[in-house]
Amino acid sequence: MPYDRILDLMSVPGSSRIFVLGAYARRVTIYSQQVRAVNLVDAIQHYGFGLCGRQVAIVGGGAGGLTAAARALVYGGNVTVFEQSASLLSVQSEASHRWVHPHLYEWPVELIDGQLPDNAGLPVLDWSAQNADDLAKHLRTEWAAVARKFGEAVDERRYTAVTKLKSQADGVLVTSKEAKKPLPDEQKFDLVILAVGYGLESDDLRQHSYWQPDGLAWAAKKEEQRLLIAGYGDGALTDLISSVLPTSIMQRSSKMLLRP
């Protein structure tokens with residue numbers, strides 16, 4: 001997709017300095033969000049305005065947000081990451097039951113030597129197929145290395161929620177509220193990237209998030225169990241397999257399941 005088209009699709013109407021990462025996108029995967037992040041930052045660098053010395057706010061400390069932050073740092077930007085939770089990539093941190101693969105949606109079409117490549121092949125925060133909780137640890141480690149490398153150009157603010165954005169002629173005024181501070185803070189940035197993800201299911205609906213343990217670990221018991229698995233995508237297929245195979249077999253054959 002042309003870079004100017006990327007800027008047009010991801011920018012907020014009425015503001016050329018606020019961008020939303022992955023809004024209304026059909027493909028909702030960790031890898032696809034990272035690809036969007038790299039493409040967006042590249043588009044801003046080459047077709048928007050140079051990032052060297054710019055103040056960049058990234059709202060969201062998930063995979064997409066950290067990837068955008070790392071890419072902006074490569075171009076010389078000064079990056080502030082706002083994350084309202086206590087830790088980065090918190091959504092996937094407990095998802096040991098989910099196996100994630102960067103090229104799942106390409107299988108079985110784009111094969112190399114009859115196999116699906118396990119590596120994402122990203123220029124920043126790269127990773128390979130693995131359990132989601134291990135991936136969260138890996139990306140946090142990768143991000144920590146990036147933050148050390150760029151030093152003072154990185155400002156990481158956890159427990160901090162962004163409550164208001166005000167577009168101005170020469171930047172964006174960001175209002176944020178840190179949990180432990182009584183008063184909100186205001187700071188001006190050259191541009192803002194909203195990488196807030198897609199949200200989680202409401203607790204009021206009594207539905208587990210895709211990333212929360214779903215009970216299938218105990219479903220494969222000797223006694224008969226009756227389960228309803230709604231859906232026909234990769235998540236439903238994984239749940240179906242994990243519900244009928246013992247956990248030990250699933251752990252040994254998780255990569256094999258992605259082969260033709």
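## A walk through the core and its strands

Start in the middle. The largest nonpolar core has 48 residues, and among them Leu40, Ile44, Trp127, Trp143 and Ile193 touch the most other members. A nonpolar core here is a set of buried Ala, Val, Leu, Ile, Met, Phe, Trp, Tyr and Cys residues joined through side-chain atoms within 4.5 Å. Buried means under 20% relative accessible area, exposed means over 50%, and partly exposed lies in between (1.4 Å probe, protein chains only). Two or more core residues come from each of α1 (3-10), α2 (30-48), β2 (55-59), α3 (63-74), β3 (78-83), α4 (132-150) and β10 (191-194). Helix α2 gives the largest share, eight residues. Helices (H or I, at least four residues) and strands (E, at least two) are DSSP runs, numbered from the N terminus. In soluble globular proteins, nonpolar side chains tend to be buried together.

A word on the model. It is predicted, and local features need a pLDDT of at least 70, side-chain atom pairs count only at pLDDT 80 or more, while totals for chains, interfaces and linings use all residues. Residues are numbered from 1 along each chain as its sequence is written, and side-chain values use heavy atoms, with hydrogens and water left out. The pLDDT is the predictor's confidence in each residue, from 0 to 100. The protein chain averages 84, and 79% of the residues score at least 70. Over residues 218-222 the pLDDT is below 50, and this stretch has eight contacts in the model beyond near neighbours in sequence. Residues 247-260 also have a pLDDT below 50, with 20 contacts beyond near neighbours in sequence. Contact means heavy atoms within 4.5 Å.

Now look at Ile193. Not counting residues up to four places away in sequence, Ile193 touches Phe19, Leu21, Leu40, Val41, Ile44, Ala57, Ile58, Val59 and Ala68.

Two strands pair if DSSP finds at least two bridges between them. Strands β1 and β10 pair in the parallel sense over three bridges. In this pairing, Phe19 stands opposite Ile193. Four bridges join β2 to β10, and these strands run parallel. Here Val56 has Leu191 as its bridge partner.

Leu21 sits in the loop between β1 (18-20) and α2. Its relative accessible area is 3%, so Leu21 is buried. Leaving aside neighbours within four places in sequence, Leu21 contacts Met10, Gln33, Arg36, Ala37, Leu40, Gly64, Ile193, Leu194 and Ala195. Leu21 and Gly197 are 176 residues apart in sequence, yet 7.9 Å apart in space, C-alpha to C-alpha.

Next, the rings. Rings of Phe, Tyr and Trp (its six-membered ring) pair if their centres lie within 6.5 Å; planes under 30 degrees apart count as stacked, over 60 as edge-to-face and the rest as tilted. The count comes to two aromatic pairs. The rings of Tyr3 and Tyr47 have centres 5.4 Å apart and planes at 55°, so this pair is tilted. Tyr3 lies in helix α1 and Tyr47 in helix α2, so the pair ties together parts that are 44 residues apart in sequence. Tyr3 is partly exposed at 26% relative accessibility, while Tyr47 is exposed at 54%. The rings of Phe82 and Phe189 have centres 6.0 Å apart and planes at 80°, so this pair is edge-to-face. Phe82 belongs to strand β3 and Phe189 to strand β9 (residues 185-189), so parts 107 residues apart in sequence are tied together. Phe82 is buried at 2% relative accessible area, and Phe189 is buried at 1%.

One hairpin deserves a look. Strand β7 (residues 160-168) and strand β8 (residues 171-178) pair in the antiparallel sense over eight bridges. The hairpin joins β7 to β8 through two residues. Ala161 stands opposite Lys177 in β8.

Finally, check the backbone. Most residues other than glycine have a negative phi. Leu89 has a positive phi of about 50° although it is not a glycine. Leu89 lies in the loop between β3 and β4 (99-100), and is buried at 4% relative accessibility.
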